[in-house]
Amino acid sequence: MSSRRDDRGSIEPHGQSWRTRDALLIAVLAVVFGFLYLQWLPVWLAARGLGAQIGQEAVFGFWLAAGVLASYIVRLPGAALAGESLAALAEVLFGAAAGAPLLITGLVQGIGAELVFGIRRWRDYSLVTVVLAGAIAAVVAIPWNWFRLGYFALDPTFLLVLFIVRVLSGALLAGVFPKLLGDALAATGVLSGYRIGRARSEAI
Amino acid sequence: MTVFTYSDVDSWLRRRNPTAKLLAHLTITLVLTLVFDPVTPLAFVAGAFVIGAVLGRTPPTRLAASLLPFWLLSVSLVVTNALFVNQPEGATVIWAWGPFTATVEGALIGLSLAERVAAIAAFSVLFVMSTDPTDLVRSLVQQARVPPRLAYAALAGYRLLPALEREFETVRLAQRLRGYRAPAGPLGWWVEQRRLLIPVLAGAVRRTDRLALAMDSRGFAASRRRTHYRSMSWRWPDTAMLLGALIAALTILAVSAAFGILQLWTGALSV
């Protein structure tokens with residue numbers, strides 16, 4: 001296996017395999033987001049008071065952001081799935097009320113974004129792709145989320161409204177938001193050792 | 001929200017394999033999601049209290065206190081479901097105004113969902129209070145075959161969080177010291193979070209890089225065949241607990257059905 005060392009002493013990514021620092025960064029981002037995800041629960045509960053299930057679906061997208069952000073920075077296969085799953089594991093460790101089923105939730109909520117990035121071979125991270133990843137992640141997670149919340153007992157027309165709100169929420173909170181956050185972080189220069197940083201320096 | 005943490009009290013539940021506990025918790029929850037009547041979930045809540053007291057040495061008062069926030073949630077669940085549930089034929093109308101019709105059937109489904117949340121939360125509290133996070137990760141690597149690189153990275157991240165919380169406060173105070181005041185209103189709140197989030201996350205990335213270097217230099221995950229400092233074991237009580245959870249959950253459903261109480265997710269309620 002040939003690999004060269006970059007200026008920071010760490011081994012360059014060889015092909016599409018993970019280095020220790022990639023796994024660690026995904027995990028640290030996931031833990032931070034697991035913590036933020038728990039803080040988001042009161043927001044979600046309050047949203048029900050304001051706009052019933054519509055309000056809740058409008059803020060739901062935030063719970064899909066960790067996977068998209070992890071993939072946006074690391075740009076390797078499996079990053080979105082791992083990022084979202086580990087965020088769920090962190091939530092369980094922090095004592096989330098939803099408990100162990102969150103692990104399934106994490107997997108399900110990571111699949112959609114992973115699919116979109118995978119179709120683009122983990123090379124295309126333009127705004128359109130990232131927004132699409134957020135929206136598709138929101139759609140793919142619907143059967144499991146709505147089954148657990150008991151939404152399928154709701155009126156079909158009402159469900160259609162919920163679907164549209166959810167797609168928009170995914171596109172914004174799990175698409176535009178992670179991209180803005182990733183770009184702001186890359187602008188500080190700390191991500192120069194990761195693929196997002198390299199993409200930036202090539203652009204310059 | 002209250003964060004429940006691991007309490008180092010020895011108990012039968014504490015000695016069980018964390019992966020087995022996770023699977024048992026998952027089993028109970030999946031059975032519970034089939035239930036749509038407002039009585040059966042209460043049996044699960046009661047079960048959690050009994051298991052907590054007998055096997056987990058968790059005082060019922062402590063478990064009850066941890067469930068308090070969920071009773072607030074239940075009120076909103078009852079109201080919104082009464083209004084928006086897909087009404088079956090001949091539903092009993094309580095109140096109607098314009099496009100809104102509230103029914104008894106809808107309210108009962110809402111109550112059932114609220115009790116479900118409470119039951120899952122009760123088992124979740126039992127799990128977290130009886131499981132050392134480090135043991136959970138060890139068990140996930142050794143029993144559930146989660147890749148060590150990822151699992152131990154998650155543990156490292158978990159350990160990093162208290163440091164990040166301190167850093168968050170440090171950055172906030174540093175910005176205050178330099179005379180930064182966030183503008184008022186919700187937009188100001190967002191601006192302040194953004195100003196804090198970026199330096200804290202940048203600091204986290206730097207820590208991560210140092211940690212990765214340290215792990216690499218010690219040959220972490222360099223070989224697929226590895227040994228473990230502490231080995232976790234899966235013994236027969238773990239299997240018994242898992243089977244017991246499944247049998248107990250199904251028994252509750254069977255007894256409830258025998259009394260004609262049980263209502264599953266029927267076609268009449270679905271889309």
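## Chain B: overall make-up

Chain B contains 8 helices and 2 strands (DSSP runs numbered from the N terminus, H or I of at least four residues for helices and E of at least two for strands). Along the sequence the order is α-α-α-β-β-α-α-α-α-α. This is a predicted model, in which local features need pLDDT of at least 70 and side-chain atom pairs count only at pLDDT 80 or more, while totals for chains, interfaces and linings use all residues. Residues are numbered from 1 along each chain as its sequence is written, chains are lettered from A and ligands numbered from 1 in the order in which they are written, and side-chain values use heavy atoms, with hydrogens and water left out.

Of the 271 residues of chain B, 46% are buried (under 20% relative accessible area; exposed is over 50% and partly exposed in between, with a 1.4 Å probe and protein chains only). The chain exposes about 14300 Å², of which carbon and sulfur atoms supply 65% (Shrake-Rupley method, 1.4 Å probe; for residues, only the protein chains shown count as cover). Among contacts in chain B with a separation of 6 or more, 75% join residues 24 or more positions apart (contact: heavy atoms within 4.5 Å).

## Interface of chains A and B

Chain A contributes 57 residues to the contact and chain B 61. Together the two chains bury about 5200 Å², 78% of it on carbon and sulfur atoms (accessible area, 1.4 Å probe, that two parts lose on being put together, summed over both). Thr20(A), Leu24(A) and Leu93(A) supply 12% of the area that chain A buries against chain B, more than any other three residues.

The rule finds 1 salt bridge across this interface (a side-chain nitrogen of Lys or Arg within 4 Å of a carboxyl oxygen of Asp or Glu). Arg21(A) and Asp209(B) form a salt bridge through their side chains, at 3.4 Å from N to O.

## Thr208(B)

Thr208(B) belongs to helix α7 (residues 185-217) of chain B and counts as buried because its relative accessibility is 0%. A polar atom of its side chain lies 2.6 Å from the backbone oxygen of Ala204(B). Beyond neighbours within four places in sequence, Thr208(B) contacts Arg21(A), Leu24(A), Leu25(A), Val28(A) and Tyr194(A).

## Nonpolar cores

The largest nonpolar core has 98 residues, and Leu25(A), Phe33(A) and Ile73(A) are among those with the most contacts inside it (buried Ala, Val, Leu, Ile, Met, Phe, Trp, Tyr and Cys residues joined through side-chain atoms within 4.5 Å). Helix α1 (residues 20-60) of chain A gives the largest share of this core, 18 residues. Another core, of 25 residues, lies apart from it and includes Ala48(B), Ala122(B), Met241(B) and Ala245(B).

Ala122(B) sits in helix α4 (residues 104-129) of chain B and is buried, with a relative accessible area of 0%. Not counting residues up to four places away in sequence, Ala122(B) touches Ala48(B), Leu63(B) and Leu67(B). Ala122(B) and Val146(B) are 24 residues apart in sequence and 27 Å apart in space, C-alpha to C-alpha.

## Positive phi in two loops

Arg57(B), not a glycine, has a positive phi of about 50°. Arg57(B) lies in the loop between α2 (40-54) and α3 (60-84) of chain B and is exposed, at 54% relative accessibility.

Arg145(B), also not a glycine, has a positive phi of about 60°. The loop between α5 (133-142) and α6 (148-177) of chain B holds Arg145(B), which is exposed with a relative accessible area of 67%.

Definitions and conventions. A polar contact is a pair of N or O atoms within 3.5 Å; within protein, one must be able to donate a hydrogen and the other to accept it, and residues adjacent in sequence count only if both atoms are side-chain atoms.
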